[in-house]
Amino acid sequence: MRELSHRITGGMQVYPGDPEVRIEPALELALDGVDVAHLDLGSHTGTHLDAPSHTVAGGRTTGRIGLDELVGEALVVHLAGRAGTLGAVAPSAEVPGAVAPGAVIGLDDLAAAVHGGLPEAVPPIVVVHTGWALQFGTPEAFAHPAISPDAAAELVRRGMRVLAVDTLSPDPTGAGASSFPVHEVVLGADALIVENLTGLAGLPERVRIGFFPLPIDADGAPVRAVAFTD
């Protein structure tokens with residue numbers, strides 16, 4: 001089994017505008033006989049799940065998402081390490097081996113990275129590995145590449161129910177990012193998004209993956225993400 005989630009720590013990087021993460025002692029062993037931490041964090045902290053209600057009025061919240069939707073066969077599209085050989089996706093000078101900052105990943109780029117091309121029917125989970133997990137926690141992370149809305153729509157049409165990425169968002173982040181077209185496509189189809197994966201390098205192209213969110217009913221939740229590699 002392989003860990004695919006970032007560890008939640010106080011002061012860790014969050015999406016612009018999201019609550020800061022604070023972890024402080026609430027009770028202490030020496031004073032109270034037990035250690036208990038006080039957690040202060042947003043529903044989209046670290047590696048996390050976006051429920052449809054995140055961007056869709058009246059959409060499902062996490063309380064209406066079954067674990068069976070979050071565990072299953074995944075197609076891992078390895079763009080990292082192959083940028084420069086794949087269509088419009090250029091290599092990054094800032095992040096060796098990763099997709100270039102600000103690049104928009106189209107369906108042709110995804111198809112070129114999959115052995116035999118993108119199948120007509122994709123597994124329920126599609127993971128896009130850009131190599132940008134290495135930038136998580138740095139200012140450069142906000143310049144991550146994004147997925148084309150048309151590519152996201154086609155993946156949904158081919159059977160994708162969970163789009164998972166190793167970036168802060170499948171849409172552009174930062175100044176000028178005032179819309180969320182990939183979120184609208186995926187969550188608007190009542191499918192799901194998982195952001196901020198890590199540890200994707202070397203995973204098989206087909207592997208069983210599970211995302212296990214905190215059991216809260218909200219617009220999203222931090223997840224423990226794992227790949228079942230044994």
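Leaving aside its neighbours within four places in sequence, which residues is His-48 in contact with?

**Before starting**

The structure is a predicted model, in which local features need pLDDT of at least 70, side-chain atom pairs count only at pLDDT 80 or more, and totals for chains, interfaces and linings use all residues. Residues are numbered from 1 along each chain as its sequence is written, and side-chain values use heavy atoms, with hydrogens and water left out.

**Stop 1: His-48**

Select His-48, which is found in strand S4. Helices (H or I, at least four residues) and strands (E, at least two) are DSSP runs, numbered from the N terminus. His-48 counts as buried, at 3% relative accessibility. Here buried means under 20% relative accessible area, exposed over 50%, and partly exposed in between (1.4 Å probe, protein chains only).

Beyond its neighbours within four places in sequence, His-48 is in contact with Ser-43, Ile-193, Val-194, Glu-195, Asn-196, Ala-221, Pro-222 and Val-223. Contact means heavy atoms within 4.5 Å.

Next, display the side chain of Glu-195: the side chain of His-48 makes a polar contact with it, at 2.7 Å. A polar contact is a pair of N or O atoms within 3.5 Å; within protein, one must be able to donate a hydrogen and the other to accept it, and residues adjacent in sequence count only if both atoms are side-chain atoms.

**Stop 2: Asn-196**

Move to Asn-196, one of the residues in contact with His-48. Asn-196 is found in the loop between S10 and S11 and is buried, with a relative accessible area of 4%. Its phi is near 70°, a positive value in a residue other than glycine. Most residues other than glycine have a negative phi.

**Stop 3: helix H4**

Select helix H4 (181-188). Which of its residues are buried? They are Val-182, His-183, Val-186 and Leu-187. Look down the axis of H4: the buried residues fall within an arc of 105°, so they line one face of the helix. The arc is that of the directions from the helix axis to the C-beta atoms. On the face turned away from this buried side are the exposed residues Glu-184 and Gly-188.

Now show strand S4 (48-50), strand S8 (146-147), H3, S9 and strand S10 (192-195), against which the buried residues of H4 pack. Just after H4 comes Asp-190, with a positive phi of about 65°. Asp-190 lies in the loop between H4 and S10 and is partly exposed, with a relative accessible area of 31%.

**Stop 4: Ser-148**

Ser-148 lies in the loop between S8 and H3. Is Ser-148 buried or exposed? It is buried, with a relative accessible area of 13%. Its side chain reaches the backbone nitrogen of Asp-150 at 3.1 Å. Not counting residues up to four places away in sequence, Ser-148 touches Val-104, Ile-105, Gly-106 and Val-182.

**Stop 5: the nonpolar cores**

A nonpolar core is a set of buried Ala, Val, Leu, Ile, Met, Phe, Trp, Tyr and Cys residues joined through side-chain atoms within 4.5 Å. The largest one has 27 residues, of which Val-77, Leu-79, Leu-110, Val-128, Met-160 and Val-186 touch the most other members. Strand S5 (71-78), helix H2 (107-113), strand S7 (125-129), helix H3 (149-157), strand S9 (162-165) and H4 each supply at least two residues of this core. H3 gives the most, with 4 residues. Another core, of 22 residues, lies apart from it; among its members are Leu-70, Val-127, Val-162 and Ala-225.

**Stop 6**

On a 1 Å grid over the protein atoms alone, a cavity is a set of points where a 1.4 Å probe fits but cannot get out, and a pocket is an open set with protein on both sides within 12 Å along at least five of seven lines; lining residues have an atom within 4 Å of a point. Grid points are joined across faces, edges and corners, and a volume is the space filled by probe spheres set on the points.

The largest cavity has a volume of about 50 Å³, and its lining includes His-6, Trp-132, Phe-136 and Asn-196. The largest pocket holds about 380 Å³ of space. Of the 14 residues that line this pocket, the closest to its centre are His-6, Arg-7, Ile-8, Val-223 and Arg-224. Finish at strand S12 (220-228), which provides the largest share of the pocket lining, 3 residues.
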